Amino acid sequence: MRTAGSMRIRVVAIAALIALVLTVRGHTLSAQQPQYVVGYSANPVPTDPLSTAWDSVPAIEVPLIPQAGVTPALLTPSIASVTVQAIHDDAHIAFRMVWADPTRDVEAGRPDVFRDAAAIQFPVAAGVPSICMGAAGQISNIWHWKADWQEDIDAGFQDITRLYPHFFKDYYPFVEGEPPYSFPDDFSQPDARAYSPGWAVGNALSQPMREWPIENLIASGFGTLTTHEQAAIEGRGVWENGTWSVVFIRELTPAAADLATFQEAGELATAFAVWNGSNEEVGARKQLSSFVTFGIEAPPVTPDEPVGEAPASRDTTLIVVLALLGAFVVAITLATIVVGRNAPPAPRDGGTGA
Amino acid sequence: MPTVFNWQINREMEYPYEAALPERQFSAVFDLNKCIGCQTCTFSCKGGWTSGRGQEYMFWNNVETKPYGFYPMAWDARLLDMLGPQTWDGDTYTGKTIFEAAPPGRAALGFLPDEEDWAYPNIGEDEPNGIVSDGAYLQIPHPVWHFYLPRICNHCQFPACLAACPRKAIYKRPEDGIVLVDQQRCRGYRECMRACPYKKIMYNPVTRVSEKCIGCFPRVENGQQTLCVANCIGRIRMNGWIHTPDTADPENPVDFLVHVRKVALPLYPQFGLQMNIYYIPPVHVPPRYLRQMLGPGVERAIETYRQVHDDPDLLGVLVLSGATDRWINKFLVRDGQAIGFDESGAEIVRVPLKEPAFIRAFHDAERGVFRHNIT
Ligand code: SF4
Ligand code: SF4
């Protein structure tokens, strides 16, 4: 067994690393001041990762560091940062991650080929930062977008006949149809499906039919990542000119108690991770960010709400004061982002050893 | 990192987990002198377990011709090269195991084979070690040699696949020591594939998770030997429960071959996995080559094996090999017969040490012909 002691040392090392990065970037996890406020939009959140609607959404550039706290570690990172935006329409919240990756790795079939991927991690209880993948008794909710799932959805399931166009095999147990057969259609009888063990036992990675390219997961520490049964995360990823743009969308209200909660008053310590398949990045071999705290802007009060006896002039004064306050918060946030951008880059080698 | 005792290298070594011996350990002995390279084992396994979509390239059991056969390509040559000098002091290994030689950020020294490395499962078939020169004729010892090496997962005591999996999706069953990949937990990271020195983890391109030899556990649970063992044409294979040297049971056929007579040896013990498939070395192959592959016990094993005609117990175990598809727990040699018993002590098989032979005259006077085959 990996001793509890050595695990604790690793966790402490990672915490120290994250603290270092946060200090370098000039941020602290303050309870008062989120680093990014998710603005309210009267229009529905944009679902297209390349929609021009994203142009007006504030962006924060999040530096990434290679994961080196646990084995297997990533020692040769390939992606330095990811640009993050978020917006909500009071029903849904949308995040967009944009990062440069010259290679479009949308396959995970060949034994030596790995997919591109991206993930967002939220603590399940608002305001409580969890170290990396959560800890015992401290659940994290992770949304994991996979380029091969995206390709399955966009261009059809990447069956063996797609990977190897001249592939031919004449017989499979309990198969229907004609060779070279089509997967999963000709293999859907339970007896045939038993020969695809991952599919038969319900492993999310092995399901040939998918609606969305994002897996909803929970974790409470390294190695505990588990697919969550409920609540699809909708979204889409597009690669264009050496850049991935990926949108993640979920209803603001969580479908289960162990999923991320987005409260207007609260603040979420959120982390981001990116994998570059060409660099054999998979699992723990990834680039990850330190925590970025997110706040949620409240939607405006609806006009039909009962208004008190107060004279109109007092209302106006209140709005002006609120607007000034809002502008101040935005200015502080922007300044924080600028400081973050100009700060020296995060240490590249992680410095924690493995 | 914890240290564990690995009896195959006769010393303590580093391993990411504490030693946890199963209640009993799945094992087998393969006699390389008898393998004819027919691949019946390969296809009995394939038909049984890997005929699904995405499993086409998988051979959980494969048979390769040594020295130039590999599946996947150069699996052992590459790792031996990466590991550097592998020195022994008597029975104690003084080089590094793959765990001790792990590069930074990894659990073990290893490599991920390229896609193409899996594409030639029978490369090097029947190729001898050297050129057969003009005018060559049969000599003893043979001027050139080759032999067949059948391989399955070794259900190691210290599996590298398990050590490398960050999700703990690989587990070793406490009831029989069989090593399995949990098909629900695996996320297809392929750390196991990179770490297993025997390259017996295979990635399914359709389900996008890893699979491996399951030790025919549904058969083993029912007292049957595995498909590859039970179907072996050359009768080279025998399953059994293996013990550590200090707890060896001389009536247990596998313990007898490995610990008592010491004719069966682990494959590349220097990798440090305390693997559980044992090989009787082929007597016609130069020990210099075999020492690298089967460790320092090779000469002793060959010498003992050559004396089998004067060793009824050894002969008894060898003739029981392939004589039944039931799992033999104990054996006994009495009155020129070898008897195998199951777990409950009931007799399941009885084989004569010497098959009755009839010798016919070279010349058949009645038909006026000479016989080519007189037995
Ligand atoms: S041979 Fe390889 S796959 Fe089998 S138990 Fe050993 S390390 Fe794991
Ligand atoms: S079935 Fe037996 S004899 Fe034939 S290749 Fe396999 S191990 Fe060798």
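Reader: What makes the pair formed by the backbone nitrogen of S78(A) and the side chain of Q287(A) a polar contact?

Author: The backbone nitrogen of S78(A) lies 2.7 Å from a polar atom of the Q287(A) side chain. A polar contact is a pair of N or O atoms within 3.5 Å, where, within protein, one must be able to donate a hydrogen and the other to accept it, and residues adjacent in sequence count only if both atoms are side-chain atoms. This is a predicted model, in which local features need pLDDT of at least 70 and side-chain atom pairs 80 or more, while totals for chains, interfaces and linings use all residues. Residues are numbered from 1 along each chain as its sequence is written, chains are lettered from A and ligands numbered from 1 in the order written, and side-chain values use heavy atoms, without hydrogens and water.

Reader: Why is Q287(A) called buried?

Author: Its relative accessible area is 0%, and buried means under 20% (exposed is over 50%, partly exposed in between; 1.4 Å probe, protein chains only). So Q287(A) counts as buried. Q287(A) lies in strand β13 (residues 287-288) of chain A; strands (E, at least two residues) and helices (H or I, at least four) are DSSP runs, numbered from the N terminus. Leaving out residues up to four places away in sequence, Q287(A) touches residues including L64(A), F272(A) and W275(A), with contact meaning heavy atoms within 4.5 Å.

Reader: How do you know that helix α7 of chain B is largely enclosed?

Author: 7 of the 8 residues of α7(B) (253-260) are buried, so the rest of the structure largely encloses this helix. Among the buried ones are F256(B), L257(B) and H259(B). The cover over them includes β3, β12, β14, α10 and β15 of chain B.

Reader: What caps the N-terminal end of α7(B)?

Author: N252(B) does, with a side-chain oxygen 2.9 Å from the backbone nitrogen of V254(B). After α7(B) comes K262(B), whose phi is positive, near 55 degrees.

Reader: Why are α8(B) and α9(B) called roughly perpendicular?

Author: They pack at about 115 degrees, with axes 9 Å apart. Angles of 65 to 115 degrees count as roughly perpendicular (under 35 roughly parallel, over 145 roughly antiparallel, the rest oblique), so α8(B) and α9(B) are roughly perpendicular to each other. On the α8(B) side the contact includes L290(B) and R291(B), and on the α9(B) side V298(B) and I302(B).

Reader: Which residues come nearest to ligand 2?

Author: Of the 14 residues around ligand 2, those are C35(B), C38(B), Q39(B), C41(B) and C232(B); near means a heavy atom within 4 Å.

Technical notes. Axes are lines fitted to C-alpha atoms, for helices over the stretch in contact, and angles run from 0 to 180 degrees between N-to-C directions.
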